[in-house]
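Please read it alongside the sequence and coordinates shown here.

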Amino acid sequence: MTNRSLSDIVSCVTGYDPEALPVEQAQHIIREFLKPVEALEKVAIRSALGRVLAQDMVSPINVPAHDNSAMDGYAFRGAELQPGENAFRVIGTSYAGQAFDGTVAAGECVQIMTGAMMPAGCDTVVPQEFVKTDGERITILPGAVQPGDNRRLQGEDLSAGKVALKRGAILRPAHLGLLASLGIAEVPVRRKLRVAFFSTGDELRSLGEPLDEGSVYDSNRYTIHGMLTRLGCDIIDMGVVRDDPALLEAALRSACENADAVITSGGVSVGAADYTKQIMARLGEMNFWKIGMRPGRPMAFGRISSNGKSAFLFGLPGNPVAVMVTFYFFAREALLQMMGADAAPLPMARVKSLSPIRKKAGRTEYQRGIVSRGTDGDLQVSLTGSQGSGILRSMTDANCIVVLPDERGNVASGDSVDVMMFEGLV
Ligand code: AMP
Ligand code: MG
């Protein structure tokens, strides 16, 4: 982790130009400057869903604890198998949770249930559907099994003393199950990240207020609320702050005294009433960028301090789609890093564009798209119509973002493009 100042980091970026900053450089600067929140807490396993694992989890036991059967069938010594049919005498039964504790001699087998312990000396299970039964005798059909088949080995899932889960994992349902399989009831997780946010703008009205002429309802606070909640942050919604220097300063100070990170929307472009930038700069070390992207060009990033407390600050643009795009492509990864999460970059799929897309080389564009399956079975994408940065419907209609990188020019119909899907399986 770095203790470098923002200006140190920026001075190492070749050709740094805050007026035309490539997306990757902005992401790099943010990554270098941030520090994770170290504190951890212990939570019950169910409450650990979506949290970030704070320590490596070493398995205290072997899973499975014993060799056991993967099928309902008959267990015997695999070395006895001969070409053709094989006959055995059934001398007992091994149930899951109630093992057969006798010895199995040559020519003998034990009926066994899925998950039941393998009787001593037995290493092979023939599934019952490959067997003819006749009282105490069974006959195994030719070629039904090989020695060692249908047996789960002790420790094949996890072995005692080995790291079962690495710190930094974001705990999904499978992780909870795996921890339970180790007998672990409490999990060390990073404490939740506290994120304060507010909207800026004299034209903004909160829900419940009348919409007088020239005003708009504040929608950013709700998209930001949703995005932060999905990330698993503790959120502090500070409402709308008017374009007034004293109010902005008070809001920023309070946010920074109570949160690890602060997210604002609006006020970071060049508008006349935008005092936001001046106040932000006065409270800490801030960069103001025009990023080579669309939508979402203006953005502020840095760290502010007040009364001995400090917080990282993301000043997102005001336009509703720009807010979402800058959140997902800058703030999301940054907040995960602060949460101590070891988050791999989101996967992109390469699909066919159904229509031409106008694209200027030299900036990254994030167009809203709908991925579907074509009659040929391949994935294809179409755009959601008007791509204006204020048109939030382009996000609700979409199921993906089409990412067109800097170097890319116009896209012809049928060309491949990269998409990032909104929803994942787990
Ligand atoms: P600004 O960056 O403050 O100049 O805002 C750019 C545009 O986004 C303006 O049209 C604003 O009205 C709009 N805008 C800013 N904040 C919000 C918000 N919280 N909800 C909806 N629209 C907003
Ligand atoms: Mg504004």
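Is Phe329 buried or exposed? Phe329 is buried, as its relative accessible area is 12%; buried stands for under 20% relative accessible area, exposed for over 50% and partly exposed for values in between, with a 1.4 Å probe and protein chains only.

The model is predicted: local features need pLDDT of at least 70, side-chain atom pairs count only at pLDDT 80 or more, and totals for chains, interfaces and linings use all residues. Residues are numbered from 1 along each chain as its sequence is written, chains are lettered from A and ligands numbered from 1 in the order in which they are written, and side-chain values use heavy atoms, with hydrogens and water left out.

**Helix α4 and its surroundings**

Helix α4 covers residues 220-231, twelve residues in total, and spans 16 Å from its first C-alpha to its last, close to the 16 Å expected at 1.5 Å a residue. The expected span is 1.5 Å times one less than the number of residues. Helices (H or I, at least four residues) and strands (E, at least two) are DSSP runs numbered from the N terminus.

Buried in α4 are Asn220, Arg221, Thr223, Ile224, Met227, Leu228 and Leu231. Viewed down the axis of α4, these buried residues fall within an arc of 160°, so they line one face of the helix; the arc is that of the directions from the helix axis to the C-beta atoms. The buried residues of α4 pack against β13 (194-200), β16 (234-241), β17 (261-265) and α7 (320-338). Gly232 follows α4 and has a positive phi, near 85°.

Phe197 belongs to strand β13 and counts as buried at 0% relative accessibility. Beyond its neighbours within four places in sequence, Phe197 is in contact (heavy atoms within 4.5 Å) with residues including Arg221, Ile224, His225, Leu228, Ile235 and Ile263. Phe197 and Ile235 are 38 residues apart along the chain, and their C-alpha atoms are separated by 7.7 Å.

**Aromatic pairs**

A pair of aromatic rings is described by the distance of the centres and the angle of the planes. Rings of Phe, Tyr and Trp (its six-membered ring) pair if their centres lie within 6.5 Å; planes under 30 degrees apart count as stacked, over 60 as edge-to-face and the rest as tilted. The structure holds seven aromatic pairs, two of which are tabulated here.

| Pair | Centre distance | Plane angle | Class |
|---|---|---|---|
| Phe33 and Phe312 | 5.5 Å | 85° | edge-to-face |
| Phe329 and Tyr366 | 4.3 Å | 40° | tilted |

Phe33 is buried at 1% relative accessibility, and Phe312 is buried at 6%. Phe33, Trp289, Phe301, Phe312 and Phe314 form one aromatic cluster.

Tyr366 is buried, with a relative accessible area of 2%.

**The largest pocket**

The largest pocket has a volume of about 1600 Å³. On a 1 Å grid over the protein atoms alone, a pocket is an open set of points where a 1.4 Å probe fits, with protein on both sides within 12 Å along at least five of seven lines, and lining residues have an atom within 4 Å of a point. Grid points are joined across faces, edges and corners, and the volume is the space filled by probe spheres set on the points.

Of the 43 lining residues, the closest to the pocket centre are Arg332, Leu346, Phe422, Gly424 and Val426. Elements giving two or more residues to the lining are α3 (173-181), α4, α7, α8 (393-396) and β26 (416-421). Helix α7 provides the largest share of the lining, six residues.

**Backbone details**

Most residues other than glycine have a negative phi, and most peptide bonds are trans. The peptide bond from Val63 to Pro64 is cis, with omega near -5°, and Pro64 sits in the loop between β2 (57-58) and β3 (68-69). The bond from Arg294 to Pro295 is also cis, with omega near -5°.

Asn150 has a positive phi, near 60°, and is partly exposed at 24% relative accessibility. Asn307, in the loop between β20 and β21, has a positive phi of about 50° and is exposed, with a relative accessible area of 68%.
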